[in-house]
Amino acid sequence: MEEKIIDETKQGEALVLENSSANSRKLYLESYGCQMNFSDSEIVASILAKEGYNTTSLMEEADLVLVNTCSIRDKAEQTVRKRLEKYNAVKKINPKMKVGVLGCMAERLKSKFLEEEKIVDMVVGPDAYKDLPNLLEEVEAGRDAVNVVLSKDETYGDISPVRLDTNGINALVSITRGCDNMCTFCVVPFTRGRERSRNPKSILEEVNDLARKGYKEITLLGQNVDSYLWYGGGLKKDFKNASEMQQATATDFAQLLEMVAVAQPGMRIRFSTSNPQDMTEDVLHTMAKYKNICNHIHLPVQSGSTRILKEMNRQHTREEYIKLIDRINEIIPDCGISQDLIAGFPTETEEDHQDTLSLMEYVKYYFGFMFTYSERPGTMAARKLEDDVPEAVKKRRLTEIVDMQRKHSAYRTQQFLGKTVEVLIERESKKSTTDWSGRSEQSLVVVFPKEHYKPGDFVQVKITDCTSATLIGEAVGQSKL
């Protein structure tokens with residue numbers, strides 16, 4: 001569940017290119033799940049643009065319908081299955097329409113999709129997007145098309161992603177693919193393969209191109225960004241076999257972060273997701289050194305119980321996690337820390353649950369992503385552990401976790417009352433057409449009157465009020481990074 005920062009407001013939106021083209025064929029593309037899936041959808045749209053496809057927000061007019069899927073929870077998969085029923089209804093009206101399933105769910109279910117979901121013409125795993133032109137030829141010839149081969153070296157570093165549903169301000173930049181951690185609850189190693197990093201040169205080229213196009217903020221993205229390691233290509237696990245020269249000249253995440261911050265000092269830099277076992281103090285010192293690196297770390301803990309962490313195959317204890325939290329607070333005193341937590345993991349006792357609540361009380365997270373345990377077929381937990389916590393107990397524990405997080409979120413926002421924060425304006429407020437909405441460094445939403453400011457502006461905002469999730473204030477002047 002490492003990188004699964006899921007923005008519920010974006011789930012299933014039809015994704016549309018930033019620039020329409022003269023391409024004649026229409027692509028309808030929906031994306032579900034984490035930021036990595038949305039980033040992948042931009043790669044898919046870029047590949048298909050060269051094949052004559054332009055995006056559309058109207059499914060009924062599409063020649064090709066693709067859904068980029070998530071397997072992190074059963075609920076995510078059920079949502080996609082319901083969408084396929086909708087596609088089926090549209091396909092009866094437009095029989096020439098082709099339907100493809102992309103991403104993690106495609107990788108997990110493979111050919112079962114063609115058997116169970118008769119509407120599906122094409123199944124494409126996360127490492128096979130470059131094969132889309134060939135797969136489309138197979139579909140056009142009336143044959144089912146499947147490519148779910150996981151790669152040891154595919155990073156899509158040579159693809160310049162088009163930007164979908166862009167506001168022209170924030171962009172995602174993928175730096176790693178896959179994961180080696182093998183947490184027992186997680187499908188990512190099986191659906192996205194082994195961990196490999198992208199050439200820093202191609203990352204810098206993409207960041208510089210985004211700056212030229214006027215983007216003001218990027219998020220460096222990976223299942224586990226802290227284990228980024230470039231030594232000329234290849235899997236992270238094979239680094240030990242690299243030559244002395246390769247090892248001596250390798251680039252780690254702290255170095256990459258510094259390279260990006262130095263290359264674009266007028267651009268905000270964020271990153272996601274971090275893993276407690278891999279985050280080094282070098283990263284924290286780099287964050288403290290550069291003003292344009294946002295003081296926010298998403299640091300999934302999953303449980304506050306060392307015993308449960310061991311069952312999850314997390315490579316850290318409660319004590320080690322707390323020690324890292326302490327170092328973050330020492331080196332970056334105003335850093336916002338957010339979490340992922342799972343309630344009701346197999347064998348979790350009431351004492352384990354209380355350990356989670358006490359950890360939350362210690363850290364006082366700014367916000368978090370909290371779920372009940374959902375057994376995922378194929379994971380180690382599904383194979384070796386009985387899902388033995390009753391559903392009612394899971395839900396009660398989740399409610400207690402959510403209630404505590406709500407209390408801590410309110411505590412954190414109240415700390416900003418009377419203070420002035422820097423905000424990057426992203427969009428109009430959802431609740432008022434006279435207000436702008438943006439985020440602080442700590443990734444808290446800030447709302448304030450529009451006045452003469454515009455999206456993309458960095459603005460100093462004095463905080464006068466707050467809710468548990470939002471800071472409310474008044475602009476006191478424009479700022480530059």
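These legends go through several close-up views of the structure.

The model is predicted: local features need pLDDT of at least 70, side-chain atom pairs count only at pLDDT 80 or more, and totals for chains, interfaces and linings use all residues. Residue numbers start from 1 along each chain as its sequence is written, and side-chain values use heavy atoms, with hydrogens and water left out.

**View 1. Phe-185, Phe-345 and Tyr-373 are linked into a cluster by ring pairs.** The structure holds five aromatic pairs. Rings of Phe, Tyr and Trp (its six-membered ring) pair if their centres lie within 6.5 Å; planes under 30 degrees apart count as stacked, over 60 as edge-to-face and the rest as tilted. Phe-185 and Phe-345 have ring centres 6.5 Å apart and planes at 85 degrees, so this pair is edge-to-face. It bridges distant parts of the chain, 160 residues apart: Phe-185 sits in the loop between strand 8 (176-177) and helix 6 (188-192), and Phe-345 in the loop between strand 15 (336-343) and helix 13 (350-363). Helices (H or I, at least four residues) and strands (E, at least two) are DSSP runs, numbered from the N terminus. Phe-345 also forms an edge-to-face pair with Tyr-373, at 5.1 Å centre to centre and 70 degrees between the planes. Tyr-373 is in the loop between strand 16 (367-372) and helix 14 (380-384), so its pair with Phe-345 ties together parts that are 28 residues apart in sequence. Phe-185 and Phe-345 are both buried, and so is Tyr-373. Buried means under 20% relative accessible area, exposed over 50%, partly exposed in between (1.4 Å probe, protein chains only).

**View 2. Lys-450 lies over the face of Trp-436.** The distance from the ring centre is 4.7 Å. For a charge to sit over a ring, NZ of Lys or CZ of Arg has to be within 6 Å of the ring centre and within 35 degrees of the ring normal.

**View 3. Helix 7 packs with helix 9.** Two packed helices are described by the angle between their axes and the distance between the axes. For helix 7 (residues 200-212) and helix 9 (residues 253-263), the angle is about 30 degrees and the axes are 10 Å apart. That makes helix 7 roughly parallel to helix 9. Axes are lines fitted to C-alpha atoms, for helices over the stretch in contact, and angles run from 0 to 180 degrees between N-to-C directions. Angles under 35 degrees count as roughly parallel, over 145 as roughly antiparallel, 65 to 115 as roughly perpendicular and the rest as oblique. The crossing of helix 7 and helix 9 is right-handed; a crossing is left-handed if the near helix is turned anticlockwise from the far one by less than a right angle, and right-handed if clockwise. On the helix 7 side, Pro-200, Ile-203, Leu-204, Val-207 and Asn-208 meet Leu-256, Met-259, Val-260 and Ala-263 of helix 9. Contact means heavy atoms within 4.5 Å.

**View 4. Helix 10 packs with helix 12.** Here the angle is about 25 degrees, and the axes of helix 10 and helix 12 (residues 318-331) are 10 Å apart. Helix 10 and helix 12 are therefore roughly parallel, and their crossing is right-handed. Glu-281, Leu-284, His-285 and Ala-288 in helix 10 meet Leu-324, Arg-327, Ile-328 and Ile-331 in helix 12.

**View 5. Helix 13 runs roughly parallel to helix 15.** The axes of helix 13 and helix 15 (residues 391-414) come within 10 Å and cross at roughly 10 degrees. Contact residues of helix 13 include His-353, Leu-357 and Met-360, and those of helix 15 include Arg-397, Ile-401 and Met-404.

**View 6. Asn-181 touches residues beyond its own stretch of sequence.** Leaving out residues up to four places away in sequence, Asn-181 touches Asn-224, Asn-275, Gln-277, Asp-278 and Asn-313. Asn-181 and Asn-313 are 132 residues apart in sequence and 8.1 Å apart in space, C-alpha to C-alpha. Asn-181 belongs to the loop between strand 8 and helix 6, and counts as buried at 13% relative accessibility.

**View 7. A cis peptide bond joins Ser-272 and Thr-273.** Omega is about 5 degrees. Thr-273 lies in the loop between strand 13 (268-272) and helix 10 (281-289).

**View 8. Gln-302 has a positive phi although it is not a glycine.** Phi is about 75 degrees. Gln-302 is in the loop between strand 14 (296-298) and helix 11 (306-311), and at 0% relative accessibility it counts as buried.
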